[in-house]
Amino acid sequence: MKEKMHTGELYLPGDDEIVEEQTACLNRLYDYNMTRPTEGEKREALLKEMFAEIGEGCYIEPPLHANMGGAHAHFGRYVYANFNLTMVDDTHIYVGDYTMLGPNVTIATAGHPILPELREKMYQYNMPVRIGRKCWIGAGAVILPGVTIGDGTVIGAGSVVTKDIPANVVAVGNPCRVLREIGEHDREFYFKDRKIDYDDIV
């Protein structure tokens, strides 16, 4: 059953070996969520224990919620996640360097069969999620199993991402669709009519 977590096959998540490993992971996650704001070094150390991979400079604001406590999460460098990131990390989640996740973002790798009889037997399947470098995932966005989001893309707040989204676009809605490409306008304005003052950019 444990091997099937990462193959996309149907499996039973209540398998004893899986539950034992999951409980240990959730204990570490509990410790992370109980840290104080002044305990930055402790948080960094715990994240290195919890995550499959985590790059330098990552900051994850507690509380963090994760089915496997981050054990299948691969974060690049300088990833920022605001309050209440929820990762259904029953299989692998990849987040690229410098990506920002707003509050209440959900990244789900797990799904359940449409056929009710299979759900009655508690079957599940998992598909990996990949989020590129320098993305911004807006507050309350939901990213569903098997989705890939390209580098540099912005996902609007509250979007439900059901299919792959290409690189360097703004995509919004439920289901999430490409609104426009990121282009020259965005080199001049950072928000509505607010111009970027490049003299002030470090």
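Me: In β9, which residue is the bridge partner of Thr 86?
Reply: Strands here are DSSP runs of E with at least two residues, helices are runs of H or I with at least four, and both are numbered from the N terminus. Strand β9 covers residues 106-108 and runs parallel to β6, to which three bridges join it; two strands pair if DSSP finds at least two bridges between them. Within β9, Thr 86 has as its bridge partner Thr 106.

Me: What pLDDT do local features need in this predicted model?
Reply: Residues are numbered from 1 along each chain as its sequence is written, and side-chain values use heavy atoms, with hydrogens and water left out. The model is predicted: totals for chains, interfaces and linings use all residues, side-chain atom pairs count only at pLDDT 80 or more, and local features need a pLDDT of at least 70.

Me: Which residue in β6 stands opposite Leu 64?
Reply: Strand β3 runs parallel to β6, and three bridges join the two. In this pairing, the residue of β6 that stands opposite Leu 64 is Leu 85.

Me: Which strands stand at the edges of the open sheet of five strands?
Reply: The sheet has the order β1-β4-β7-β12-β15, with parallel pairing. Two of its strands each have a single partner, so one side of each is left without a neighbour in the sheet. These edge strands are β1 (53-54) and β15.

Me: Is Thr 153 buried or exposed?
Reply: Thr 153 lies in the loop between β15 (148-149) and β16 (154-155). Buried means under 20% relative accessible area, exposed over 50% and partly exposed in between, with a 1.4 Å probe and protein chains only. Because its relative accessibility is 0%, Thr 153 counts as buried.

Me: At what distance does the side chain of Thr 153 reach the backbone nitrogen of Asn 168?
Reply: Not counting residues up to four places away in sequence, Thr 153 touches several residues (heavy atoms within 4.5 Å), including Trp 136, Asn 168 and Val 169. A polar contact is a pair of N or O atoms within 3.5 Å; within protein, one must be able to donate a hydrogen and the other to accept it, and residues adjacent in sequence count only if both atoms are side-chain atoms. The side chain of Thr 153 reaches the backbone nitrogen of Val 169 at 3.2 Å. For the backbone nitrogen of Asn 168, the distance is 3.0 Å.

Me: Which residue supplies the backbone oxygen that lies 2.9 Å from a polar atom of the side chain of Gln 22?
Reply: Gln 22 has its place in helix α1. Leaving out residues up to four places away in sequence, Gln 22 touches Asn 67 and Met 68. The backbone oxygen at 2.9 Å belongs to Asn 67.

Me: Which residue takes a positive phi in the hairpin of β18 and β19?
Reply: An open sheet of seven strands, with mixed pairing, has the order β2-β5-β8-β13-β16-β18-β19. Within it, β18 and β19 (residues 177-181) pair in the antiparallel sense over four bridges, and Ala 171 stands opposite Val 178 in β19. Four residues lie between the strands of this hairpin, and the positive phi, near 105°, is taken by Gly 173.

Me: Which strand provides the largest share of the lining of the largest pocket?
Reply: On a 1 Å grid over the protein atoms alone, a pocket is an open set of points where a 1.4 Å probe fits, with protein on both sides within 12 Å along at least five of seven lines; lining residues have an atom within 4 Å of a point. The volume is about 600 Å³, taken as the space filled by probe spheres set on the points, which are joined across faces, edges and corners. Of the 19 lining residues, the closest to the centre are Trp 136, Val 154, Val 170, Ile 182 and Asp 186. The largest share, three residues, comes from β20.
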